[in-house]
Amino acid sequence: MAHTPRVTPLPIVAIVGRPNVGKSTLFNRVVGHRKAIVEDRARTTRDRIYGDGEWNGRRFIVVDTGGLEVHPGDPIEEKVQEQARLAIAEADLIVFVVDSIAGLTPSDQEAAELLRVATAPVLVAANKADNDKRELEAAEFYSLGWEETYPISAAHGRGVADLLDAVVWALPPESEAEVSRKRREAKADAWAKEMASGRLSRVRDGDAEAIEMAAEGDGTAEMVFEDEAEHPVSIALVGRPNVGKSSLLNALLGEDRAIVSDIPGTTRDAIDTHVQWGRSEIVLIDTAGIKRPGKVAGGMAAERYSTLRALKAVERADVAVLLVDAFEGLTAQDAHIAGFVAEEGRGLVIALNKWDLLAEKTDRSFDEYVVAMRREVPFLDFAPVVSISAKTGQRVARVLELAVDVWGERRKRIPTPELNRIIRAASLRQAPPAGKLGPPKIFYATQVAVAPPTFVFFARHAEGVHFSYQRFLENQLREEFGFDGTPLRLIFRERASARLEGGVRPRGAGKGKPGVRAIPGSKHSRKGISASKRTQTGNRKPQ
Ligand code: GDP
Ligand code: GDP
C-alpha cells in the first residue's frame with residue numbers, strides 16, 4: 001500500500017466566551033479583513049467563523065465559536081458551555097474572552113470550570129479594557145485561577161499584540177511538515193512574482209531543460225507542478241452530526257472491513273482508512289472522527305463537536321464531501337464548512353443524503369432542489385451535487401466517483417496558448433469595466449499551479465479588475481475547461497505594457513499566433529506586486 005503523504009493541519013485557536021464579550025471583534029482583528037471569495041455566502045449568521053491567523057510567522061486557524069451553530073434555542077449559559085466543550089475537544093489553544101466592563105459573571109465561572117480540564121492551554125483575555133483604568137480593573141479575572149490574564153481591547157487593538165505573542169508561544173511547536181508547507185507556499189509566491197517580473201518562463205510539463213532553466217538560481221520552479229499523481233486521493237466526509245456520515249461510510253465499505261487498513265493520522269486519534277476504489281487508491285480522512293452509525297448524536301456526546309474536527313480533516317484532504325440532510329436542507333453551518341473548503345482550495349462534492357425521505361419526488365425534484373440551493377449559496381456553484389441515500393445505498397458509489405473526478409479536475413493543466421485564446425475571446429466579448437485608474441487591460445495569463453488550479457493574469461491596472469469581472473473570467477475558464485468541483489485561484493499582477501522587454505519568451509507560447517504572446521515584463525512593472533500580493537493571493541497554498 002502506498003505511503004500517504006502527511007500534511008499537518010494548522011493548529012486551531014478557538015475563541016470562547018459569552019455572547020457580546022467581543023469574540024467576533026477579536027476574531028476580525030486577528031484574521032484581518034481579508035476578503036475571501038465567500039463574501040456573498042447566504043444564511044450565515046456571522047460573516048465568517050473560521051479564518052487564517054498569522055503572527056510572528058506562525059500560522060494557525062482561528063475559530064469564533066460564537067458563530068458555531070450549537071443548540072440555537074439554548075439559553076446563554078448552555079451555549080457558552082457547549083462552545084467550551086467543543087474547544088476542549090478539538091482546539092490546540094483556547095482564548096477565553098471575558099468582558100471587563102460587565103465584570104465576572106456566573107456563566108463566565110461555569111465556562112471556566114469546564115475549561116480547567118482542557119489539556120490545551122487556555123489564555124484569558126479580558127476584553128473592552130479600552131483604557132488604563134479598565135485595564136487595572138481587569139485584574140479581577142485573576143480570580144478565575146489562570147496565572148495570567150491579558151487585558152485587551154479588541155475594538156481598538158490595545159493589548160492584542162501581547163495576547164498574540166502569548167498565543168504563538170503557547171501553541172504546540174511547529175512541526176516539520178508545517179515548516180515545509182510554509183516553504184512551499186513561499187516558493188509559490190516567489191514563483192508568481194518572478195513570473196511577473198519576467199525573469200522566469202513558464203515551465204512546460206516534462207520539459208526538463210526548461211525546468212532547469214527556470215529553476216536556475218533560486219530554484220523556484222520545481223514546486224509548481226510538483227507531481228502528486230502517485231499520492232492516493234484523500235477524501236474527507238464532513239457535515240453536521242446526524243446527516244449520515246457514518247451511515248455513508250458503512251455503505252461504502254460494507255460490512256467487510258477486511259479490505260480496509262486503519263492507520264493513525266497526525267491529529268489526536270485521527271484514523272485514516274485506505275480503500276481500493278477501482279484503479280484508484282482512496283484515503284478516507286479521519287474516519288475516527290465519525291461515530292459509529294446508529295448512535296444518535298446529541299446532548300453531551302463528544303461526537304457533536306465535529307466542526308473543528310472537520311476543519312482539520314479538510315486541511316488534510318484533496319476533496320471534501322459535504323453531506324447535507326436533504327430533508328432539512330442546507331444550514332448556515334453547512335455553508336460555513338463549505339466556505340472553508342473553498343477558501344482552502346480543496347475540492348468539494350455536495351451529497352444530499354436521506355433522499356429517500358423526500359416525499360412525492362418527480363423527475364424534476366433533484367434539479368429544482370439544486371437550483372434552489374445554488375441560489376442560496378452561489379459561491380458553491382462550482383461543486384457537483386448528488387442525491388443519495390446512505391440507508392438504501394442509492395447512488396452512494398457515485399459520491400466517490402465524483403470525488404475522484406474532482407481530484408482529477410484539480411490537477412488539470414491548461415497550456416498557455418490555449419488559456420490565452422480563451423482569455424482573449426472573453427475580453428473581446430466583455431472588456432473589464434474601468435476602475436479608478438482607468439480600464440484594466442489583461443495582456444496575458446498563465447497557469448502557475450495545480451491543486452487548486454492557479455492562474456496569474458498580467459494586466460495593466462491589475463488592482464482595478466473588479467471582483468465581478470474576476471468571476472466572469474473564472475466562469476469562462478470553467479465553461480471551457482470544466483474544473484468541476486475545484487475552486488480556482490485567479491491572481492492579478494501589474495504589468496505596464498504588452499511589450500517584450502528583454503525577458504525570456506516561454507517556448508511554444510503564441511508561435512505564429514499574433515496576439516497570443518508570452519509577455520515577460522519590464523523591470524519597473526514589478527512595482528505594485530507586493531502591494532497587491534496579499535489581497536490577490538491571500539495566503540493560498542498550492543501544494
Ligand atoms: P461576541 O458576541 O462575543 O462575538 O461579541 P462582538 O464581537 O459581537 O461584540 C459585542 C459588542 O462589544 C459590540 O457592540 C462590540 O462593538 C463591543 N466590543 C467589542 N470589543 C470591544 C472593546 O474592545 N471595547 C469596547 N468598548 N467594546 C467592544
Ligand atoms: P452522522 O452523525 O453524520 O455520522 O450520522 P449517522 O450516519 O449516524 O446517521 C444519523 C441518523 O440518520 C441515523 O439514524 C441513520 O440511520 C439516519 N440516516 C442516515 N442516512 C440516511 C438516509 O439516507 N436515509 C434515512 N432515511 N436515514 C438515514
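## Two crossing helices

In this predicted model, helix α8 (residues 245–253) and helix α12 (residues 396–410) have axes that come within 9 Å and cross at roughly 90°. An angle of 65 to 115 degrees counts as roughly perpendicular, so α8 is roughly perpendicular to α12.

On the α8 side, the contact is made by L248, A251 and L252. On the α12 side, V396, A397, V399 and L400 take part. Sorted by type, the residues of this contact are seven nonpolar, no polar and no charged.

## The protein as a whole

The protein has 15 helices and 16 strands. Of its 543 residues, 56% count as buried. The accessible surface comes to about 23,200 Å², and carbon and sulfur atoms account for 52% of that area.

Contacts can also be sorted by how far apart the two residues are in the sequence. Among contacts in the protein with a separation of 6 or more, 74% are between residues 24 or more positions apart.

## The six-stranded sheet

Six strands form an open sheet with mixed pairing, in the order β2-β3-β1-β4-β5-β6. Strands β2 (50–55) and β6 (149–151) each have a single partner strand, so one side of each is left without a neighbour in the sheet. Neighbouring strands of this sheet are turned by 30° against each other on average, direction ignored.

Within the sheet, β1 (residues 12–17) pairs with β3 (residues 58–64) in the parallel sense, over four bridges. A14 stands opposite V63 in β3. Two helices can be described together with these strands. Helix α1 (residues 23–31) lies across β1, β2, β3 and β4 (93–99), and runs at about 155° to β3. Helix α3 (residues 106–115) packs on the sheet and touches β4 and β5 (122–127), its direction making about 165° with that of β4.

## The three-stranded sheet

Another open sheet has three strands in the order β14-β15-β16, again with mixed pairing. At its edges stand β14 (441–449) and β16 (489–494); each has a single partner strand, so one side of each lacks a neighbour in the sheet. On average, neighbouring strands here are turned by 25° against each other, direction ignored.

Which strand pairs with β16 in the parallel sense? The partner is β15 (residues 454–460), and the pairing runs over six bridges. F457 stands opposite F492 in β16. Helix α13 (residues 416–429) lies across β14 and β15, running at about 140° to β14.

Notes: Residues are numbered from 1 along each chain as its sequence is written. Chains are lettered from A and ligands numbered from 1 in the order in which they are written. This is a predicted model: local features need pLDDT of at least 70, side-chain atom pairs count only at pLDDT 80 or more; totals for chains, interfaces and linings use all residues. Side-chain values use heavy atoms; hydrogens and water are left out. Buried means under 20% relative accessible area, exposed over 50%, partly exposed in between (1.4 Å probe, protein chains only). Contact means heavy atoms within 4.5 Å. Accessible areas come from the Shrake-Rupley method with a 1.4 Å probe; for residues, only the protein chains shown count as cover. Two strands pair if DSSP finds at least two bridges between them. Axes are lines fitted to C-alpha atoms, for helices over the stretch in contact, and angles run from 0 to 180 degrees between N-to-C directions. Angles under 35 degrees count as roughly parallel, over 145 as roughly antiparallel, 65 to 115 as roughly perpendicular and the rest as oblique. Ala, Val, Leu, Ile, Met, Phe, Trp, Tyr, Cys and Pro count as nonpolar, Asp, Glu, Lys and Arg as charged, and the others, Gly among them, as polar.
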